[in-house]
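Here are some friendly notes to read alongside the model. Take them one at a time, and find each residue as you go.

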Amino acid sequence: MATDSTKTEVGSYFISNYPPFSQWSEDYIDQLNTAMHSAPRDGVPLGLYLHVPFCRKRCKFCYFRVYTDKNAQEVETYVSALTKEIELVSQTEAMGGRPFRFVYFGGGTPSFLSPKQLKRLEDRLRSSISWDQAEEVTFECEPGTLSESKVKALREMGVTRLSLGVENFFDSILEENGRAHLSKEVYKAWDWIEAAQFPNVNIDLIAGMVGETWETWRENIKKVLEFSPESVTIYQMELPFNTVYSQDILGNKIETPVADWPMKRAWVSYAFDELAKEGYVVSSAYTMVKDPKKVNFSYRDNLFGGSDLLATGVASFGHISGVHYQNKTEWGDYTGSLLEKGELPLKRAYRPTPEQLLIRETILLLKRGYLDADYFRQKFGVDILDKWSDIWKQYQEEGLVTIAGDRIELTRDGLLRADGLLPPFFEPQFQGVRYT
């Protein structure tokens, strides 16, 4: 478990679903197709994820499906495939005429697209779907891809939450870690972003990028506070298997260049303290918000609570009517003939049992920093305090959680290692298996 280790080793740490992705397979595709072509469950909110996989450069710590070598014609091929997929998805029974509660443009770098490409994408999407009723429309941006006209285009297309991947303010650290942008591009983009008046702007940082020191980290937090965004999200640097750094480590070309876990946790704790001094409050193990009444993270909270998510784009992950699924993961397989034949580009799936759905919501909702035991009694008919009493007892003794009545709350130490606290809840057959 990551909580027990000091050194940052190669392997997955961040947990975003259950059961582990490595257990999903083609064996469940028939069940997925049945779910896609069945009426939705009553009262379940619906979200949409759109994967835009293009980047100017591949960061050395990146493990997502991204492409840095595609020309304009290839981008057009992909956008056409994406809009065709959404057209097909919009016609499934699972859509059920439901409005989207949330929409998320992720990547890759969605802001890689030019204003004209964005407008064409929006026009094509709106011929099949609408996000006008969504309470949150999130768009991820890399600072160096933004222009004044592009920022205006994003606001006009209905984006309510812009997430800016700053990661670090020091050019030497950005360059070492393979980031495409430099700090001057952040400042330039920020003026346009403020002028566009998005309801919510988030700044992403990564604690523990190669080259980080206490001096640079303190300065990073100081600079974030000068921007004063609605929310700040801080991830602790990890080394999933397919990153540039991980491949070099596994090939014995380099030693682990990333700060150890105690150091990363100390940096995040410092950031939380400094943000708290300016009125920010904890929203999850990674995020602090300036005004919790204004920022509600619809995507995160609905997804963690078992909403449906229609996932579109290459390698994207979704969940529909009780079935997890992932799209085709290779360019040719995704953009190929399946979509033209009217077939969705599905790769693998998994139908969780009721027990697994309970575990999934428990571990994901705990990442917010707290659980309400009565919520689980009402929804699953299970008392999670009794079911996992040994785990809660251990975490209380270690100072990682407090329990008062039905409320289970992570302490600061618990928040800082939240993902590492989750594997003990896994079923025995998934203990110790590769996560991805």
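1. Which residues line the largest cavity? Keep in mind that this is a predicted model. The lining is made up of V75, E76, V79, Q117, R120 and R124. Sorted by class, two of these residues are nonpolar, one is polar and three are charged.

2. Now look at where that lining comes from. Helices α2 (72-90) and α3 (115-126) each contribute at least two residues to it. The space inside the largest cavity is about 30 Å³, and the count of cavities of 30 Å³ or more comes to one.

3. A record is worth a glance here. An unreviewed UniProt entry places "domain: Radical SAM core" at residues 40-274. Over this stretch the chain is 40% helix and 18% strand, and its end C-alpha atoms are 45 Å apart.

4. Next, the aromatic rings: the structure holds 32 aromatic pairs. One of them joins W388 and F425 edge-to-face, with 5.2 Å from centre to centre and 85° between the planes. W388 sits in the loop between α15 (384-387) and α16 (389-397), while F425 is in the segment after α17 (412-416), so the pair ties together parts that are 37 residues apart in sequence.

5. Are the two partners buried or exposed? W388 is buried, at a relative accessible area of 9%, and F425 is buried too, at 2%.

6. Rings also gather in a cluster: ring pairs link F54, Y67, Y78, F112, W331 and Y334.

7. R126 lies over the face of W131, 4.2 Å from the ring centre. R368 lies over the face of Y370, at 4.2 Å from the ring centre.

Note on methods:
Residues are numbered from 1 along each chain as its sequence is written. This is a predicted model: local features need pLDDT of at least 70, side-chain atom pairs count only at pLDDT 80 or more; totals for chains, interfaces and linings use all residues. Side-chain values use heavy atoms; hydrogens and water are left out. On a 1 Å grid over the protein atoms alone, a cavity is a set of points where a 1.4 Å probe fits but cannot get out, and a pocket is an open set with protein on both sides within 12 Å along at least five of seven lines; lining residues have an atom within 4 Å of a point. Grid points are joined across faces, edges and corners, and a volume is the space filled by probe spheres set on the points. Helices (H or I, at least four residues) and strands (E, at least two) are DSSP runs, numbered from the N terminus. Ala, Val, Leu, Ile, Met, Phe, Trp, Tyr, Cys and Pro count as nonpolar, Asp, Glu, Lys and Arg as charged, and the others, Gly among them, as polar. UniProt positions are given in the numbering used here, feature names are shortened, and annotations may be inferred rather than shown by experiment. Rings of Phe, Tyr and Trp (its six-membered ring) pair if their centres lie within 6.5 Å; planes under 30 degrees apart count as stacked, over 60 as edge-to-face and the rest as tilted. Buried means under 20% relative accessible area, exposed over 50%, partly exposed in between (1.4 Å probe, protein chains only). A charge sits over a ring if NZ of Lys or CZ of Arg is within 6 Å of the ring centre and within 35 degrees of the ring normal.
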